[in-house]
Number of protein chains: 2
Amino acid sequence: MSDTELPEVEGETQLDEDDRLKPEFVRAVLDAVEDGNDEGARALVEPLHPADIADLFELTPEEDRGTLARAVADLLNGDVFAEMNDYVREQLIQALEPHQVADIASELDTDDAVAIIEDMDADEQRAVLRALDPDDRAAIEEALSYPEESAGRLMQRELIAVPEHWTVGDAIDFLRGHDELTTDFWEIFVVDERHKPVGTCQLSWILRTPRDIALADVMKREQTLIPVDMDQEEVALRFQKYALISAAVVDASGRLVGMVTVDDIVHIIQEEAGEDTLLLSGAGEGDINEPIRFTVRTRLTWLLINLPTAMLAATVVGLFDDRIARFAVLAQLMGIVSGMGGNAGTQTLAVVVRALATNQLTGSNTLRMIVRELRIAASNGTGLGLLVGAGAYLWFGNPGLAIVFALALFINNIVAGLVGVLVPVTLDRFNVDPAVASSVFVTTCTDSMGFFTFLGLAALWGLGG
Amino acid sequence: MSDTELPEVEGETQLDEDDRLKPEFVRAVLDAVEDGNDEGARALVEPLHPADIADLFELTPEEDRGTLARAVADLLNGDVFAEMNDYVREQLIQALEPHQVADIASELDTDDAVAIIEDMDADEQRAVLRALDPDDRAAIEEALSYPEESAGRLMQRELIAVPEHWTVGDAIDFLRGHDELTTDFWEIFVVDERHKPVGTCQLSWILRTPRDIALADVMKREQTLIPVDMDQEEVALRFQKYALISAAVVDASGRLVGMVTVDDIVHIIQEEAGEDTLLLSGAGEGDINEPIRFTVRTRLTWLLINLPTAMLAATVVGLFDDRIARFAVLAQLMGIVSGMGGNAGTQTLAVVVRALATNQLTGSNTLRMIVRELRIAASNGTGLGLLVGAGAYLWFGNPGLAIVFALALFINNIVAGLVGVLVPVTLDRFNVDPAVASSVFVTTCTDSMGFFTFLGLAALWGLGG
């Protein structure tokens, strides 16, 4: 294979201005692989950061990932797998032998190794664990004994813990003298004789302090300790609230068992904050790499849950069949009342769900929030009501219709504001994730109440009667 | 004032299991303040972390915040202000004298000081800047010269930069010998004689390496440099992608001018990921502390933008007025067709908006995404169509109506899947934030097309004719 076959891509041009791999680059790699030019593909992929190699696999069509993996096999190390989307990783891992997976896992910190191994079938998992050396195996088996999405799965067991009575100099000598220690730490933990954390030292404090000073005089005694069974979402909120870089993980008896670092938390913060958008719309975890049958199942379930609410609204309309038959304009305008109410309800819902997720809305300010949303709904309802009322009068020349339309829109805005707060707050009180279940209830209310107030007021006013 | 008046709250019980201040605690503090028992209030607030003191102010009703601030004035330091919601902070800062604000700002790193000062009126800002000492003033003025939400505003100028030819020992001696240096750093930057970064050293590497080794042999040469005018959202994505703890900020000529640390990025990641939920619903930034008139304006604007789309859908219905008058069942069922299409479109939209925001959807896989969504829409449309068709047949006993209903629902699902991808992808291509503008277009399509296909097919079939 001659060098002239290598596709020309210049050094720093694989990424666009948003740090995404350029489509031309991805195409060049896949073309090289397809032409059997593995050397060319490797030359292109080699300069990439592990995170970008992971992205490359995600951007490659599912059916071509195996060929690509074989072509650049020597570049596929643990760091690349650690950065990869779960589904894409699972697909690639399935094609590997247990000892190959074990080799990859043994390069990694416990947390990343666990992430790779935890989704495997029980049989394959056992085979991989058997192929690991005993220390790694014990660490990973222990991590797997903690619940999914808990601090125990997230933490790494590699950390630096030193006794209380040491000086700064002792700590530095210890770090220099033990090659087997991790280099991936930002703070050291000071522990008592029962291995309970008593303080934390930022490395910068150690470097700024003379050697003969006791660690006990440098360390910070107030610590944020993470229980090993804490849910990862709470761990993320705690890191964020207290601006932590790393934190000690303790078992039920308070002993130090691991450490969580912020770089493992950042993607959880991003996922947890972003998942509300997906959950509110009923799109599940919304992973674009998920096998399509799972996606269909998740979304269809949501649509089926929404179907009865749409039918309920249709039943409300059905109550006024005769009137609609006599005055079909009602059928035209009723959708505006329900739709605008739905929009207003969605606004309130989004704000409340975010405020709950970020711990800004608590028992202390719930009442204030309700009052606030009602004031907003009253303002917006008045403005919109007057506008559509005037519009309907000019268009249809029917003052009764205009008044009924305006009034229904106003009332539905108030309903939207009220249920937009009450539904998520109530669900949260009962420990149901408000992002998952709120929007069905809110839409049911704004649809049905929109139709009911509009058609009901029309009946009272005798429109089409 | 006697000690017996102090409300009883035990040491560690101010926070609930989600690290939120308990309503009882907030109430106890506010009761103490209201009773004029400032000492009691201070005793309660003093043990709190700055982040919790900031939360306390956010949870306090607007009209009571001033009194609380006076009662616990000595606990209100820079760290508390740095953690506080922008609007709440602005309100408190307005009540302070310029020299008080200057005192608070001078305790902080540049980035936090800038956050406090950047939102002030020009006059007050000048007064505060005059009250600062010249070094602080220069640093803050320089930061303010960069665009809002850019790396220049986020960065701190306090950092450790050392020359290339130093050894590990030189660096440690330098850090120990200069009291004026910051203690808030996790990596040191190695620079050439023109102050351009040439490498980065994690502090752990320095601590693990003998004193006589050259920094050039320890440092990592591949660095992720942040241009000073980079938008904070891109900075956040870069931190996340490459799992950075800190990063050097460089000016246009490549010189090191500051440092961004991950603790300043974490809340941006959270905000940026969470804001899609708010933007998609038209709730603006959705800050519950925002003055209500701003909130009303933002939300009303969105509702007014949606009004014409609701009217367009109403006009489509109007085309079939006669038919509806003859066969009012159509008015009942049309909302189900448009509503289910709207739900399906919202699902696709949420997934695509998240995939775009997290850089998972690029030019390389857009076509694959469209095909994927069409397959999902076809599956769900078939399932739902058969279900509602069978239901309508059983209920109304009208095979024509059942077929038209099923077919319309199927078609509207396909429309939803298609516009759910195409709208956000197209907006993104034109550099419009897809979260802001997509949902109007998608809803317009699913509403209008839902009504049009259902009523149009009904007309073709001769239903109600």
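Student: How many salt bridges are there between domain 1 of chain A and domain 2 of chain A?
Tutor: The count there is 0 salt bridges. Keep in mind that this is a predicted model.

Student: OK, and what about polar contacts between those two domains?
Tutor: For domain 1 and domain 2 of chain A, the count is 3 residue pairs in polar contact, both residues at pLDDT 80 or more. On the side of domain 1 that touches domain 2, the residues split into 3 nonpolar, 2 polar and 2 charged.

Student: Back up a bit. Where do the domains of chain A run?
Tutor: Domain 1 covers 3-154, domain 2 covers 161-262 and domain 3 covers 292-461.

Student: How far apart are the C-alpha centres of domains 1 and 2 in chain A?
Tutor: They lie 31 Å apart. In terms of contact, 7 residues of domain 1 of chain A meet 11 residues of domain 2 of chain A.

Student: And how much area do those two bury between them?
Tutor: About 760 Å², with 56% of it on carbon and sulfur atoms. On the domain 1 side, A:Glu149, A:Ala151 and A:Leu154 lose the most area to domain 2, together 62% of what that side buries.

Student: Switching to the other chain: how much do chain A and chain B bury between them?
Tutor: About 10900 Å², 62% of it on carbon and sulfur atoms. In chain A, the residues losing the most area to chain B are A:Leu207, A:Arg208 and A:Ile288, together 8% of what that side buries.

Student: How many residues are in contact there?
Tutor: 125 residues of chain A are in contact with 125 residues of chain B.

Student: What's the salt bridge count between chains A and B?
Tutor: It's 8 salt bridges. For instance, the side chains of A:Asp52 and B:Lys241 meet in a salt bridge, 2.3 Å from N to O.

Student: And the polar contacts across that interface, plus the residue classes?
Tutor: The rule finds 43 residue pairs in polar contact between chain A and chain B, both residues at pLDDT 80 or more.

Student: Last topic. Where does UniProt place the CBS domain feature in chain A?
Tutor: The UniProt entry, which is unreviewed, puts "domain: CBS" at residues 155-218 and 219-277 of chain A.

Student: What do those two spans look like in the model?
Tutor: Residues 155-218 of chain A are 30% helix and 22% strand, with the end C-alpha atoms 25 Å apart. Residues 219-277 of chain A are 44% helix and 22% strand, and there the end C-alpha atoms lie 41 Å apart.

Key
Residues are numbered from 1 along each chain as its sequence is written. Chains are lettered from A and ligands numbered from 1 in the order in which they are written. This is a predicted model: local features need pLDDT of at least 70, side-chain atom pairs count only at pLDDT 80 or more; totals for chains, interfaces and linings use all residues. Side-chain values use heavy atoms; hydrogens and water are left out. Domain bounds come from an automatic or database domain assignment. Contact means heavy atoms within 4.5 Å. Buried area is the accessible area (1.4 Å probe) that two parts lose on being put together, summed over both. A salt bridge is a side-chain nitrogen of Lys or Arg within 4 Å of a carboxyl oxygen of Asp or Glu. A polar contact is a pair of N or O atoms within 3.5 Å; within protein, one must be able to donate a hydrogen and the other to accept it, and residues adjacent in sequence count only if both atoms are side-chain atoms. Ala, Val, Leu, Ile, Met, Phe, Trp, Tyr, Cys and Pro count as nonpolar, Asp, Glu, Lys and Arg as charged, and the others, Gly among them, as polar. UniProt positions are given in the numbering used here, feature names are shortened, and annotations may be inferred rather than shown by experiment. Helices (H or I, at least four residues) and strands (E, at least two) are DSSP runs, numbered from the N terminus.
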